[in-house]
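Here's a quick briefing to read alongside the structure. It starts with one spot in the chain and then zooms out.

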Amino acid sequence: MVSILAVLVSTFLSEKSKDQCSPYDLHLPPRIHITVDEEVTRDKRILIIGDVHGCLTELKELLIIAGAYQPDTCIIFTGDLINKGPDNVQVVRFVRELGAYCVRGNHDEYCLLQYERGFYTTRNPQFDWMEQLSEDDLQFLYSLPYTISVPSINALVVHAGLVPGIQLNQQKLADLIELRNVTQDPAQGNQFVGMKKIDCGQPWANTWSGPLHIYFGHDARRGLQLCHFATGLDTGCCYGGSITGVVVNPDMSRQFFNVKAKQVYRQPGSSKST
């Protein structure tokens, strides 16, 4: 395995072109989009879990009530495993040990950016906990893809969302981890355009017409979103809300599970990266 530190050093000594960079100016993961082989998920329950944000206690409770430790369960996270909550390092290691799938969230990227900043400028002390991450932990975070396709349930998992009318390989990476709303641009034939903010346009999930069902997180302000072809699972655990997961059974029936936060770990709006 190539040393993460070696990669970072070489990064600082060379310039990256824009097509080699993530939205937070990091090197891209080995695979931007991955597909879970149908042989892996055949006859299995698919448990998809919303944003964790370092809330390990609540995550462990959710896994128990959802029956996640059964051998017939495949676990996928919608990203934002870390930041804002109390047990960030432990969450990374726990998810790695589970052998679960996970997409990259904006907070996962932002934390990696802060980690890298510590090598050449002043890092925000809020992110000093990242020094506790092992090289394997960092490798795991750097390798997270932006989307995970699950053909067995005709679904795709992404952190924030997709802009309708745009092919997956043409989606902006920033939209995949930061999208909340869309608006139509008359200058582009009323094509949908992605928006980070919630106060302009309309929720992208309301406009998504399939055929893939999209499971996503990111939008804690709206909470659980149940649209015809999209399901939003970020219910704001780190803000004192809850952590939510959904099991998609082999017959396509669904069961939702929810665990209330033990406390308010972070006040909404108190972080620069939302």
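T78 sits in the loop that runs between β3 (73-77) and α4 (88-98). Keep in mind that this is a predicted model. With a relative accessible area of 0%, T78 falls under the 20% cut-off, so it counts as buried.

**Around T78**
- Leaving out residues up to four places away in sequence, T78 touches I48, I49, G50 and D51, along with V103, V157, V158 and H159.
- Y215, F216, G217 and L233 complete that set of contacts.
- One link is polar: the side chains of T78 and D51 make a polar contact at 3.4 Å.
- Y101 is 23 residues from T78 along the chain, and their C-alpha atoms are separated by 8.9 Å.

**Nonpolar cores**
- The largest nonpolar core has 63 residues, and I49, L59, F77, L81 and W204 touch the most other members.
- Another core, apart from that one, has 16 residues, including I46, V157, Y215 and V246.
- W204 is in contact with A160, G161, L162, P164, L179, R180, N181, V182, I214, F216 and A230, if you set aside its neighbours within four places in sequence.
- As a rule, nonpolar side chains in soluble globular proteins tend to be buried together.

**The whole chain**
- The protein chain has eight helices and 14 strands.
- Of its 274 residues, 53% are buried.
- Taking contacts between residues at least 6 apart in sequence, 64% join residues at least 24 apart.
- The accessible surface comes to about 12,400 Å², with 49% of it belonging to carbon and sulfur atoms.

Notes
Residues numbered from 1 in each chain as written. Predicted model: local features only at pLDDT ≥ 70, side-chain atom pairs only at ≥ 80, totals over all residues. Heavy atoms only, no water. Helix = DSSP H or I, 4+ residues; strand = E, 2+ residues; numbered from the N terminus. Buried < 20%, exposed > 50% of the residue type's maximum accessible area, 1.4 Å probe, protein only. Contact = heavy atoms within 4.5 Å. Polar contact = N/O pair within 3.5 Å; in protein donor to acceptor, adjacent residues only side chain to side chain. Areas by Shrake-Rupley, 256 points an atom, 1.4 Å probe, with all protein chains shown as cover. Core = buried A, V, L, I, M, F, W, Y, C linked by side-chain atoms within 4.5 Å.
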